[in-house]
Amino acid sequence: MKIWLKSAVLIWLSLCLLACGLVVEPKATASPTPSPSRTRPSPPQKTPAASPTVPPSPTPAPRIDPDAALIAYTERPAWRALLGWPDECEEGFQRFEHKPEDAGGVVAYPVADGQYLAFVTCNIGPYWVEERVYWLDYRADPPTARPLTVPELIQDDAPELGLHDVDVLHGAFPNYDPDTQTLTNLAAYRGLKDCGVFYKYHLEDARFVLDEARYHDCIDTEAPDPIALDPYQWPLVYPLPASVGPFRKVARLDLPASDWDTVLRAQPDGSLWLMTRAGYATFREGRWDTQLLDEGQTLVGVDADGRAWIFGQTGEKIYYRRDGGELTPADVGWTPVWSPLTLRGGGVLTDGQGRVWLATEQDVRVFDGGQWTIYTREAMGIPAASEEDSLTGFKLTYVESTQQMWVGLCDWYGEAGPQGGGARWFDGQTWHGAQFPATDGCVTAIAADAEGHVWLGMDQGIVQRFDQVSGSWQSFTLPAPGDYRINYVTTLTVGPDGTPWALAALLPPVCGGASCDDSARTFYHFQDGAWVAVLGPDDNSEDSLSANSSLHILFDGGGTPWVFMGRAVYRVENNRLVGPPVAELYGLSATVDAAGQVWAIAQAENDEPALWVLETAAPTAGHVGPFRKVIPVTPDLQGETMRLEVLPDGDLRLLTTNGFALLHDGAWQPYLLAPSQRFIGADAAGRLWFFPEEVPDTIFYWDSTMADYGGSAFVHADAGWLPVDDPTTLTGRGVLTDDQGQVWLATEQDVRVYAGGRWTIFTRETLGMPPAAEEGLLTEFTLTCVESRRQMWVGLCDWAEGPMGGGGARWFDGQAWRGAQSPTASGCVTVIAADEAGRVWIGMDHGIVKLFDQTTGNWREFPLPEPEDYRRGYALTLSLDPEGDPWLLAALCGGASCDVTRALYHFQDGAWIEVAGLQEHAERLYQGPTLPVLFDAAGTPWFFLGGMPFRIRDNRLEQSPAAELSVLDATTDAAGQLWLVAQSGGDSPALWVLEPDQ
């Protein structure tokens, strides 16, 4: 009621002011300029703070009623006497006439016994209001009050500068929700409220804590953007995501950036230069200095002296600008260029003498500070193009060790492919190279090492190396993968060790007409005199390589290679990309500074492009994030699948397709399978259960205690056994041991229990389950032991393209099967979980989740949400947290198929909350093993997204993984320790544990 009254009062006051013509903007708030995206209104000036504590009055305390639904205007003086707001607040409120029965501009909310928040209106405008907030303690005699401050960004569009506290809320009707104790405030830049800063706070210990700030710039469009009108969808600017993998976000951008017009360059003075179609910016001492381009201007590049080189409306003149100053013409000796737009962001080069070089489509030019010298093909000794309609491309590279400017040329003829005039170099006086092996042919890339060796990438996969000391040339042709043919080298980079890395464009096996376009790419490293393919078509990477063809491989200060490919960043070890990627970042441009730091303009998921830096601090020995390596998995145990289990005595057991190992006293005690054995699983007593491949209609187990007494360790357990339809489907699937030591096994046709030396087999009929709806369906049983009730629960689902019904759920109490008359008597059951009290949660098809309270015998149903454009599917995993609330990973259906997308939910306070999936992380939910949410000793939930461990806080996945580990399986022991079988980088799998003090 008070929230409605507060909004109504403010709106009424605003209308009164407008009608009386008394509304004015706060003096410190500038009016929006004609181009609000370039000049933003200043935030309101901070007003003097009220006294921290109101001195006791010599007169009796005024009588007020903080619980009143409406505080009238006549009561405002009494409230001011108690709260003590300053004169300027009262002057602003008294700018218009009030009637005694009008609202007094004060709203109070109870927050605790006898304690209140009081919001006081000081001033109001057409789309903004000024308010002060006070903490009122009405328990004291006399009551006491003190003003509260709220944190705001020091500069709206620069969250990296931090926060400061203000004592006045200035925004479009700040709103406080007493039920959630949250405060929101939209500091709008204009009446449309489509730009500004949106703040969200929560009340904590009688103060407001900033949870998030979202920023949106003012953009003038014909029709308002729906997202711009919803501040909850504005880009999050505070807090900045601390990191994504080893990359830390440094600053947001003042310029719009996209993947085709963004160039980032490290300058010799340590600054970074960013160039986009809209302008350019310098990053120094943690801040951007941004210069926007005027309409019709084209930025070419920035030289080593910090001058930005710009074309005007046409290519007839060229200018430079230093530090945001005036444009200075540099047109002496200049001749018009054919197409200025093709030079946008192409860059300029500065040589050792400070001269500025520029390559156009028709020539190469150098500016010596006073005039341009133009070198045509003829002047450089390069033959003319064989056809007039060719497209010419020059490549410039400066070799510092020899103070030479190298030029490569390529003529492009469409379907005819690349040709060209080879390479030349300028020593300060003369052009050389007309008589050398690279005198003709298409040169697409040039790179030099620290010793002055020059590498040339050419068409047909030819890479030439020139040793300037000996004057010798060598040729190293790239090997074409499979049936492809190499068209040309797209990029060439020399690493710190002097060896080149090349990205090559490939042609399809059959080339004719339009089919001669590049169809794939391959990435190579030249090592020990031979080219090694790091990545290529067989790695399903051609789309990502093509999308990032402009990004070279980068080397950090330690010489480690990094590659931005697709929407991820990879580290290269031993000529292979280490998986999974170290960071989910979409790189627009990247560079390395003189100190070896890797910088990138990149975009994290659901975020805008920003500046990121690679943190290269070495992890603590034996640690990756909060996880400590315990012991490697020996090579003989490593298999296609690896499963981790905790035994009742606390020991860990690792089950793989190659065998079994027990972790005891810090060492593995392994058992390796013979070629003729097919491993099923291990029971709680340590017995290993197998099928012999040569006799698939029997089963046996291995018991080490038998050998201790002189007997055979292999025991046939075929009494009561019946052949299974497909033994291979049980490989590594596991057995389950109940509280009486009986071993349970689910096959595709039934459920079996081994007790007293023989098997008892329960078919669908004996379980009281209906037959399958049609023949040919795949049947899958799910087993769960409810220890507190000494019950074995069974769920059944029949599958085709998706769930096609099933036998529901049953439970065995040691004597008989129950549940044939329960609400889960039929239907597809995919997961079952139970808490310590014996409450059983059952996940079924159609998004149905049922809860059975065995104490009361009551059943309840909690359907999963049904998102737009999808149908409820079925549960993939289900786990219960220490409070007994379920966490469920669901597969959703769409059209005629299921599991088209996934979502992770948490059931809390009687409702399902989406934690991850539909709006974010949808694709990564399919990557890595499908594991349930696990809980450490502190009760913190952990989820394994894309095979990497993520903490969950407040029902949201943290922005980045807790550790760069590729998880194969995970479990928790009785003490709440979280254990992983995982790989770090290119290392072999190992056992890891979460350090409890992290």
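Four strands make up an open, antiparallel sheet, arranged in the order E35-E36-E37-E38. Its edge strands are E35 (485–494) and E38 (530–535), each of which pairs on one side only. Neighbouring strands of this sheet are turned against each other by 35 degrees on average, direction ignored. The structure is a predicted model. Strands of a sheet pair through backbone hydrogen bonds, in either a parallel or an antiparallel manner.

**The pairing of E35 and E36**

- Strand E36 covers residues 500–507 and is joined to E35 by eight bridges, with the two strands running antiparallel.
- Within E36, alanine 505 stands opposite tyrosine 488.

**Strand E44 and its partners**

- Strand E44 spans residues 598–604 and is mostly covered, since six of its seven residues are buried.
- On one pairing, E44 is joined by seven bridges to strand E43 (residues 585–592), and the two run antiparallel.
- Tryptophan 599 in E44 has threonine 591 opposite it.
- E43 and E44 form a hairpin with five residues between them. Glycine 596, in the turn, has a positive phi of about 85 degrees.
- E44 is also joined to strand E45 (residues 610–614), here by four bridges, and these strands likewise run antiparallel.
- Alanine 602 has alanine 610, in E45, as its bridge partner.

**A cis peptide bond in a loop**

- Aspartate 141 and proline 142 are joined by a cis peptide bond, with omega of about 5 degrees.
- Proline 142 is located in the loop between strand E3 (129–137) and strand E4 (144–148).

- Which phi value does glutamine 403 have, although it is not a glycine? Its phi is positive, at about 50 degrees.
- Glutamine 403 belongs to the loop between strand E27 (391–399) and strand E28 (404–412).
- Aspartate 954 is not a glycine either, yet has a positive phi of about 55 degrees.
- The loop between strand E74 (948–953) and strand E75 (956–957) contains aspartate 954.
- Is aspartate 954 buried or exposed? The residue counts as exposed because its relative accessibility is 77%, and exposed means over 50%.

Definitions and conventions:
Residues are numbered from 1 along each chain as its sequence is written. This is a predicted model: local features need pLDDT of at least 70, side-chain atom pairs count only at pLDDT 80 or more; totals for chains, interfaces and linings use all residues. Side-chain values use heavy atoms; hydrogens and water are left out. Buried means under 20% relative accessible area, exposed over 50%, partly exposed in between (1.4 Å probe, protein chains only). Two strands pair if DSSP finds at least two bridges between them. Axes are lines fitted to C-alpha atoms, for helices over the stretch in contact, and angles run from 0 to 180 degrees between N-to-C directions.
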